[in-house]
Amino acid sequence: EDGNLFLLCSDGISFYDEKFKQTTSVSFGYPIQFYRSFGGYIAVLTGETKAGATLCMFDSEGNKKFTESFPFAVLDVQIIDDKIYLLAPNAVYCYDEKNVARASFEGNVQKMYAFDDGNVMLCYADSTKLLKVSEFVNY
């Protein structure tokens with residue numbers, strides 16, 4: 001959209017301007033588990049195992065906007081406005097500039113969808129469940 005692009009490798013990311021000149025390159029030192037792109041942001045999850053991970057978030061120009069390590073497996077990431085939602089094996093964590101909130105759930109969630117109103121839809125193999133914003137408590 002803005003003419004910039006990125007190249008994701010096995011353990012790093014490089015950013016290029018509209019003339020294909022490299023502007024930023026970051027080596028993570030750990031394998032990349034997955035990445036997600038949200039509007040003008042790229043979230044990259046790295047780590048040796050799914051028992052713990054580091055999330056790095058960049059804008060489209062390669063500026064690092066957020067880095068945080070987590071002592072739990074991160075199965076999915078979503079960014080809505082100024083909030084980062086993390087799906088862990090038994091909870092959804094919501095990070096914003098001031099707080100970390102957590103809402104627990106049971107069962108094997110395969111995917112989550114966060115909404116502008118703060119609610120999160122959990123998708124199981126055969127059903128869905130809505131985690132309401134009121135179920136999140138400060139962590």
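Okay, ground rules. The model is predicted, so local features need pLDDT of at least 70 and side-chain atom pairs count only at pLDDT 80 or more, while totals for chains, interfaces and linings use all residues. Residues are numbered from 1 along each chain as its sequence is written, and side-chain values use heavy atoms, with hydrogens and water left out.

Let's start with charges. How many salt bridges does the structure hold? There are 3, taking a salt bridge as a side-chain nitrogen of Lys or Arg within 4 Å of a carboxyl oxygen of Asp or Glu.

Arg-36 pairs with Asp-76, with the closest N and O atoms 3.1 Å apart. That one links distant parts of the chain: Arg-36 sits in strand 4 (residues 32-38) and Asp-76 in strand 8 (residues 76-80), 40 residues apart. When I say strand, I mean a DSSP run of E, at least two residues, numbered from the N terminus.

Asp-76 also meets Lys-111, at 3.0 Å from N to O. Lys-111 lies in strand 12 and Asp-76 in strand 8, so this pair ties together parts that are 35 residues apart in sequence.

What about burial? Here, buried is under 20% relative accessible area, exposed is over 50%, and partly exposed is in between (1.4 Å probe, protein chains only). Asp-76 counts as buried because its relative accessibility is 2%. Its two partners are partly exposed: Arg-36 at 24%, Lys-111 at 28%.

Then there's Lys-65 with Asp-59, closest N and O atoms 3.9 Å apart. Lys-65 is partly exposed at 49%, and Asp-59 is buried at 13%.

Back to Lys-111, and on to its sheet. Its bridge partner in strand 13 is Cys-123. Strand 12 and strand 13 (residues 120-123) pair antiparallel over 4 bridges; two strands pair if DSSP finds at least two bridges between them. The open sheet has 3 strands in the order 12-13-14, with antiparallel pairing. Strand 12 and strand 14 (128-131) stand at the edges with a single partner strand each, so one side of each has no neighbour in the sheet. The twist averages 20° from one strand to the next, with axes as lines fitted to C-alpha atoms and angles running from 0 to 180 degrees between N-to-C directions.

Strand 12 (residues 111-114) also holds Tyr-113, which is partly exposed at 40% relative accessibility.

Strand 2 (residues 12-16) and strand 3 are joined by 5 bridges, and Gly-12 stands opposite Ser-27.

Last stop: Asn-90, in the loop between strand 9 (83-87) and strand 10 (91-95). Beyond its neighbours within four places in sequence, Asn-90 contacts Arg-102, Ala-103, Ser-104 and Phe-105, contact being heavy atoms within 4.5 Å. Asn-90 is partly exposed at 41%.
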